[in-house]
Amino acid sequence: MTKHQTWVVRALPVVIAVVVCAVLVVLLDPVSKPGGPARPAVPGPVVPTSVSSGPNIVEFLVDDMRSDDLAYMPNVRRLIGDKGISMQNMFSSYPLCCPARASFFSGQLPHNHHVWTVKAPYAYSAFDDSSTIATSLRKVGYRTGLTGKYLNGYGDMKSSGGWRLRAKTVDGRTKLVRTWVTTRAKYSSAYKIPDGWDIWNGFLDATKSTRNLRTGAAVHGGTYHFFDVAESDNGNPVSRRGVYSSKVVGDDAVRMINTFHKSSHPFFISANFPAPHHGSGNAAEKRRDARAHLQGLVSTASPKWTWGRFDKVITRAPGVLPGGKTEADANGDGRDTAADVRDKPRRWGKLPALSRPMLKAVRATARQRAESLLATDAQIGRVIARLKATGEYANTVIVFWSDNGYFQGEHHRPAGKILEYNPVIRVPLLITGPGMRQRANRFDPVNVVDLTATLLDFAGASPPRKADGVSFRHVLLHGDRGWRKGVAYEEGWSMPGPGSAAHHDADFPLIKHPASYMKHRHAGGAGVMGQGVKTSRYTYVRFADGSEELYDEARDPLEMDNVADKASYARVKATLREVAEQLMHCRGRGCQVVLPRSLQASPAANRKASKTWWSTVYRTYGNAVQKAYWRGQKGY
């Protein structure tokens with residue numbers, strides 16, 4: 001018998017037992033008894049209903065990585081890129097950690113899953129984790145495990161319903177019990193195990209009240225404390241102090257492979273590395289290079305063996321032009337000044353040029369980001385080696401991607417994300433697996449929700465909710481179809497209330513949303529701050545105050561000249577606005593908005609445009625290692 005046929009025989013008693021337990025949960029629930037109050041609408045735990053013959057899936061996700069950062073990850077390039085497919089036009093529909101990740105787990109765009117930002121009352125507390133890619137895969141017999149960063153706020157925000165780990169004392173001994181919570185009463189998410197996950201090692205943000213259930217000891221650290229990670233050990237908070245976070249993820253993923261290999265289930269592992277996101281926390285995070293911090297920038301951390309590895313390679317930040325300029329010379333004075341960005345709307349049109357100390361600081365952060373990615377790359381190589389050692393590699397789809405990119409000097413921005421510019425919205429996506437072991441590029445446009453749909457398609461699983469994305473499995477296996485649909489882009493804003501000390505991003509001042517264009521949800525409030533669409537040639541976005549940006553990437557691949565107010569682009573802008581408005585309220589298949597023929601690109605035309613764009617970027621910005629990577633050579 002095959003592995004999956006064996007699973008059918010072995011799993012039948014387990015499936016029956018799980019169904020019986022689920023029934024007992026309902027029957028024994030005190031608030032479900034006849035005559036009692038109505039039971040709150042908390043769904044029951046997911047129960048396998050069929051057996052998939054699909055492949056194993058291992059998904060590697062990094063945080064804030066730019067596409068050109070692949071030059072610093074030799075294992076990812078060699079083991080995935082050189083033996084798989086690179087999606088050259090992969091986009092984050094909302095280039096910010098939590099909304100992008102919520103889109104992957106749910107298969108929905110932010111305006112449908114309602115995770116607008118990284119702070120309360122949104123982030124983890126706004127996400128319904130009772131139906132995700134994990135629950136869909138569990139229904140078709142997959143074993144599932146998650147390690148690393150989950151959603152911002154997990155651990156320090158409240159949760160309700162679902163699996164909760166509790167400590168019980170039996171005969172003087174502490175026993176940890178996983179129980180299904182059927183009420184909407186709030187409890188600390190540090191003890192929550194989202195449904196659908198067999199092994200749960202999500203990083204968490206510990207609070208003063210976070211305790212290890214077995215020992216009662218306080219748990220310290222957090223997701224971005226790179227040498228002091230707090231982690232959920234299947235619902236029990238633990239500290240991993242002293243171990244670099246990427247190694248914690250690598251250790252967990254290797255253990256999951258060892259565990260899942262012993263069974264006959266196909267498996268799904270989601271390995272989420274916090275690098276190269278900037279760090280926070282204690283003295284262990286401090287770097288030997290303080291220049292970045294002296295200019296008010298934040299940076300990441302990495303093991304000492306990586307320090308200095310890129311000091312001779314990265315001589316300027318990836319978003320800084322030769323000579324130190326960060327924007328095209330708009331007024332012909334030969335200098336980099338605020339006048340060069342005056343075509344940008346709102347405060348972006350007033351940003352000063354980067355000073356020499358700031359240029360050095362951005363270069364320092366670029367070096368440190370590369371170092372953190374090299375350390376992460378080592379762990380990815382280690383996990384893939386384990387797949388091969390156990391014999392699982394041949395039947396495993398491996399995915400590598402990033403939730404969003406990052407500014408590194410472009411348009412006078414030394415750091416940051418969220419906006420619609422290519423360094424931020426474009427992200428790497430490499431895939432290898434059965435039938436995809438030969439190096440190839442694909443140029444069709446895809447985004448995060450399409451990735452979710454594709455992995456579910458490989459597994460033969462149904463989406464957990466009304467899916468906003470569509471599978472590109474056919475494109476992976478058979479080739480491009482051309483750029484025929486608009487790629488949605490949106491960003492949001494949260495403001496917990498007047499005078500609140502909660503998150504206020506100075507980049508996005510609160511603006512009342514015109515009722516005719518965007519629905520403003522104030523009272524704690526969020527709403528879409530900017531929304532737009534990307535095509536093979538154009539990037540268009542409209543903001544809540546009515547300002548707009550439009551870039552013609554055929555003529556301006558580096559997005560230096562906003563042509564939204566130019567009469568010659570009035571017709572194109574009007575067409576793009578119509579497409580964007582369709583995407584703004586779309587749901588399910590309605591999010592597959594077909595572009596007018598004038599905005600579509602055939603496979604050949606789109607391939608040519610994409611190659612021209614990438615070659616211009618690397619030729620203009622790239623260092624020797626990045627240029628070598630683009631030419632298909634060894635790189636770092």
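I take two strands as paired if DSSP finds at least two bridges between them. Helices (H or I, at least four residues) and strands (E, at least two) are DSSP runs, numbered from the N terminus.

I am working on a predicted model, where local features need pLDDT of at least 70, side-chain atom pairs count only at pLDDT 80 or more, and totals for chains, interfaces and linings use all residues. Residues are numbered from 1 along each chain as its sequence is written, and side-chain values use heavy atoms, with hydrogens and water left out.

**Entry: overall counts**

I looked up the totals. The protein has 14 helices and 22 strands. Of its 636 residues, 61% are buried. Buried means under 20% relative accessible area, exposed means over 50%, and partly exposed lies in between (1.4 Å probe, protein chains only).

Then I checked contacts (heavy atoms within 4.5 Å). Among those between residues at least 6 apart in sequence, 74% join residues at least 24 apart.

**Entry: hairpin E21 and E22**

I looked up strand E21 (residues 538–543), which is joined to E22 by 5 bridges and runs antiparallel to it. Arg542 has Glu548 of E22 as its bridge partner. The two strands form a hairpin with 4 residues between them. In the turn, Gly546 has a positive phi of about 95°.

Next I checked burial in E22. Strand E22 (residues 548–552) has 5 of its 5 residues buried, so the rest of the structure largely encloses it. Which residues point which way from E22? Glu548, Leu550 and Asp552 point one way, while Glu549 and Tyr551 point the other, and all are buried.

**Entry: sheet E7-E6-E9**

I moved to an open sheet of 3 strands. The order is E7-E6-E9, and the pairing is antiparallel. Strand E7 (173–181) and strand E9 (192–193) stand at the edges, each with a single partner strand, so one side of each has no neighbour in the sheet. Strand E6 (residues 162–170) is joined to E9 by 2 bridges. I found Trp163 opposite Ile193 in E9.

**Entry: cysteines**

I searched the whole structure for disulfides, meaning pairs of cysteine sulfur atoms within 2.5 Å. The search finds 1. It joins Cys586 to Cys591, with S to S at 2.1 Å. The link of Cys586 and Cys591 is right-handed, with 95° about the S-S bond. Both Cys586 and Cys591 are buried.

Cys97 is in no disulfide; its nearest cysteine sulfur, that of Cys98, is 7.9 Å away. Cys97 counts as buried because its relative accessibility is 2%. Cys98 is buried too, with a relative accessible area of 0%.

**Entry: His411**

I looked up where His411 sits. His411 lies in the loop between strand E14 (396–402) and helix H9 (422–425). Is His411 buried or exposed? His411 counts as buried because its relative accessibility is 5%. I then listed its contacts, leaving aside neighbours within four places in sequence. His411 is in contact with Thr326, Glu327, Val341, Lys344, Leu351, Tyr421, Leu558, Glu559 and Met560.
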